[in-house]
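Please consult the sequence and model shown here before reading on.

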Amino acid sequence: MAKKFEVKASDLRLICDPKIFKFKNTSEVKPLDTVIGQERAVQAIDFGLNMEDPGYNIFVTGLASTGKSTIVRDLVNQHAKRLPTPDDLCLVNNFKDEFRPKAIVVPPGIAIQFSKKLKRAIERLKKELPEIFEDDAYLKKLSKLKNTFAQQHHSLFEQLEAYAAEKDLYIEQTETDFQTIPMVDGQPITPEEFSALPAKARAKIEENLLLVQAEIEATAMEMDKKNLTLHADVEKLMDTYALSVVKKRLRPMRREFKACEAIVAHLKSVQEHIVENFNLFIPPNKGETPPPEHQPRNSDAAFQQYEVNVLVDQESTKGAPVIFESNPTFYNVFGRIEKRAFMGTINTDFTMVQTGSMLSANGGYLIMEIDSVMMNPYVWETLKRTLRTKCLQIEDIPEETGFGTTSLKPEPIPLDVKVILLGSYDIFEIIQSEDPRFNKIFKVRADFDSEVDRTPRTIQQYARFIARVCREENLLPFTPRGVSLMVEYGEKYVSNKYKLSIRFGPILGILKEADYWARKSNARQVTDKHVIKAFNDHRFRHNLYEHKMHESYLDNTIMIDVKGAVIGQVNALAVYQIGEFAFGRPARITAETFMGKQGVVNIEREAELSGSTHDKGVLILSGYLGRTFAQQHPLSLSISITFEQNYYGIDGDSASSTELYAIISSLADMPIKQGIAVTGSVNQKGKIQAIGDVNQKVEGFFEVCKEKGITGRQGVIIPAANVQNLMLKKEVVDAVKNKKFRIYRVSTVEEGTEILTGVPSGKPNKKGMYPKGTVYGAVQEKLREYIKHSEKLKKETEDEAE
């Protein structure tokens with residue numbers, strides 16, 4: 001009866017024939033230079049890269065290890081090489097407002113030259129400016145100005161003395177003032193002699209003193225005017241000589257960079273500032289001390305204002321820049337303004353402004369991982385604002401500014417960069433639903449697949465991929481048998497005989513491990529034996545928990561029967577996931593049915609150990625039981641169902657068919673074969689639906705049977721829809737070939753019931769009644785007995801009440 005449901009051994013695993021490969025080893029194969037199975041993602045990326053309108057930034061989604069990062073970088077780099085190289089970017093001092101430095105754009109490769117040549121020019125001016133003020137021609141003109149002033153000063157004093165003499169007064173010039181002394185008969189007199197004079201004579205002298213004092217004040221004012229004129233003439237003379245030197249020194253740079261208006265404009269500002277502040281270039285012992293406002297904080301700071309801060313240098317860039325930011329902190333992405341401690345305060349200047357990856361990628365492409373972006377405060381919101389405004393503002397994080405801190409606010413920098421974010425499906429869905437601006441900024445989604453159709457072309461591409469890895473990673477070449485096993489591994493990784501995995505991360509790991517074992521055995525190429533060794537050793541390193549659990553089955557710590565038959569008891573199959581490693585294990589499900597009206601009682605749910613999907617699967621059972629057995633009479637029973645020895649949470653509906661078999665067995669009083677485990681979900685129509693991890697479940701039960709003793713009557717029932725997912729290990733396939741183990745495929749609950757009980761399920765007649773001698777007939781009989789007993793008890797209760 002069950003034989004017709006058995007799956008053939010040839011359907012348990014799809015073998016890749018090594019003969020399809022026409023090479024001795026992969027050293028003879030042309031390495032893969034294309035992308036396998038990612039046509040949709042590649043097309044989307046190409047569209048996004050070529051779309052120049054704002055907002056067409058790219059968000060790349062896909063599972064881990066699908067090669068998103070590598071493929072995206074390769075595609076972007078190829079595209080960027082065809083684009084023009086963007087301009088360099090410099091930050092220079094704003095001489096009108098030092099807290100608002102200016103950003104200037106210069107042709108690619110020019111920024112460093114400009115910076116070096118301007119610095120060299122300033123260094124030469126440090127020498128040339130002091131020298132010009134020691135030049136004979138300058139000194140002669142300066143001496144002439146001073147002599148002219150001295151003559152004018154002397155002439156004014158002589159006039160003042162003559163006027164005083166007419167008034168019988170003598171003027172004596174001190175360091176700070178003029179002193180008047182009365183004279184009698186042409187001789188100065190002392191204060192005592194003045195006091196002894198007649199009153200009329202004293203009055204006359206005092207009158208003359210007032211007149212001379214007024215003349216002194218007028219003369220002093222005139223001298224001050226002459227002094228100011230001298231200073232102005234000297235300053236004009238120095239400016240003229242300074243301007244000639246600065247002009248001469250900067251003229252070659254003006255000529256060299258005349259095509260760049262920004263550089264020419266800055267050189268003009270530099271020239272004006274140096275001429276106005278030439279004292280900065282004069283050592284203290286060479287001239288007058290500069291006024292306080294021109295005194296530098298230190299000798300270096302005085303000349304830092306003339307430096308050029310090169311933010312972006314594209315000299316070595318070919319095409320557009322492509323930047324992958326692995327640590328997208330706020331400062332790494334948007335730049336920072338560094339600080340220095342000075343005299344108890346924190347100061348900065350434009351030379352301490354540092355660029356970030358956003359500016360480095362200006363004119364090109366910036367690639368980041370969204371997980372890392374979201375982990376860093378302020379980055380996501382600033383990124384959106386920057387892309388929306390197409391301007392970058394280099395600034396401090398608000399919470400890091402405080403008292404005693406001097407900061408800058410550089411002018412906003414125009415930005416033309418396309419951002420490519422890499423992330424998972426989950427985070428994409430969250431951002432898309434929660435952030436209303438997301439779709440306006442990232443209009444292109446590139447979705448990476450994790451599998452590709454298994455075709456002759458993709459199998460050959462697998463071989464070329466292995467050849468590429470061997471060449472890039474310096475691995476030993478793989479033989480056709482080794483490549484065939486890697487193809488089969490690709491099939492098993494996606495649990496589909498008609499697909500191949502393109503999650504190349506795990507595949508790359510196996511290739512490297514197989515190479516390790518080949519080298520350890522002194523082989524010159526990697527064969528199938530080395531690949532198998534890599535598989536087995538990889539599993540051995542990860543399956544300690546699986547081993548411990550199987551020990552629990554052997555010593556009956558966990559009770560599992562693989563022989564005999566029991567009413568209301570079925571072996572379900574569960575999967576444990578520990579990191580990247582998954583393994584199957586059997587779990588006993590029991591069901592008890594009795595009179596009552598509670599319906600199906602899920603003990604896991606009552607104990608709060610059941611997830612929502614599992615709860616749904618249990619509720620579906622009531623629908624199936626009602627549809628099948630309650631068309632004539634209501635279901636009047638209670639069912640208790642549980643996973644035995646389960647002390648942790650459980651979820652998923654892959655055991656719903658197993659639970660239904662246990663209920664039917666209990667109702668029919670027919671035992672279930674314990675050597676057959678079951679997996680598969682069920683719908684209300686009784687159809688068996690596909691489940692996940694079918695290979696791990698089958699292999700997990702096979703291991704338990706092998707350890708407890710293979711009888712030849714053991715096996716697993718799986719949904720028919722999962723046959724295409726079978727890629728069982730060779731040991732299980734050989735056991736099926738030798739009739740020591742069996743795999744059954746079912747499409748309905750009735751088929752599974754027949755296999756488990758060995759009794760036909762039965763087909764209803766027109767009245768919905770199942771024949772005797774069938775499982776469902778026995779169930780109907782039990783339900784009728786429940787109804788009779790219920791009616792009898794009800795009547796007895798009513799009689800007692802009367």
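## A helix across the strands

Helix H1 (residues 39–50) lies across E1, strand E13 (365–369), E16 and E17, and runs at about 155° to E17. Helices (H or I, at least four residues) and strands (E, at least two) are DSSP runs, numbered from the N terminus. Axes are lines fitted to C-alpha atoms, for helices over the stretch in contact (heavy atoms within 4.5 Å); angles run from 0 to 180 degrees between N-to-C directions.

## Basis of the description

This is a predicted model, in which local features need pLDDT of at least 70 and side-chain atom pairs count only at pLDDT 80 or more, while totals for chains, interfaces and linings use all residues. Residues are numbered from 1 along each chain as its sequence is written, and side-chain values use heavy atoms, leaving out hydrogens and water.

## The open sheet

An open sheet with parallel pairing is formed by 5 strands, in the order E8-E13-E16-E1-E17. Strand E8 (322–325) and strand E17 (444–447) are at the edges with a single partner strand each, so one side of each has no neighbour in the sheet. From one strand to the next, the twist averages 20°.

Strands pair if DSSP finds at least two bridges between them. Parallel strands E1 (residues 58–61) and E16 (residues 418–423) are joined by 4 bridges, and Phe59 stands opposite Leu421 in E16.

## Nonpolar cores

A nonpolar core is a set of buried (under 20% relative accessible area, 1.4 Å probe, protein chains only) Ala, Val, Leu, Ile, Met, Phe, Trp, Tyr and Cys residues joined through side-chain atoms within 4.5 Å. The largest has 45 residues, and its largest share, 7 residues, comes from helix H22 (residues 656–668). Leu660 is among those with the most contacts inside this core.

How values were computed:
Buried means under 20% relative accessible area, exposed over 50%, partly exposed in between (1.4 Å probe, protein chains only).
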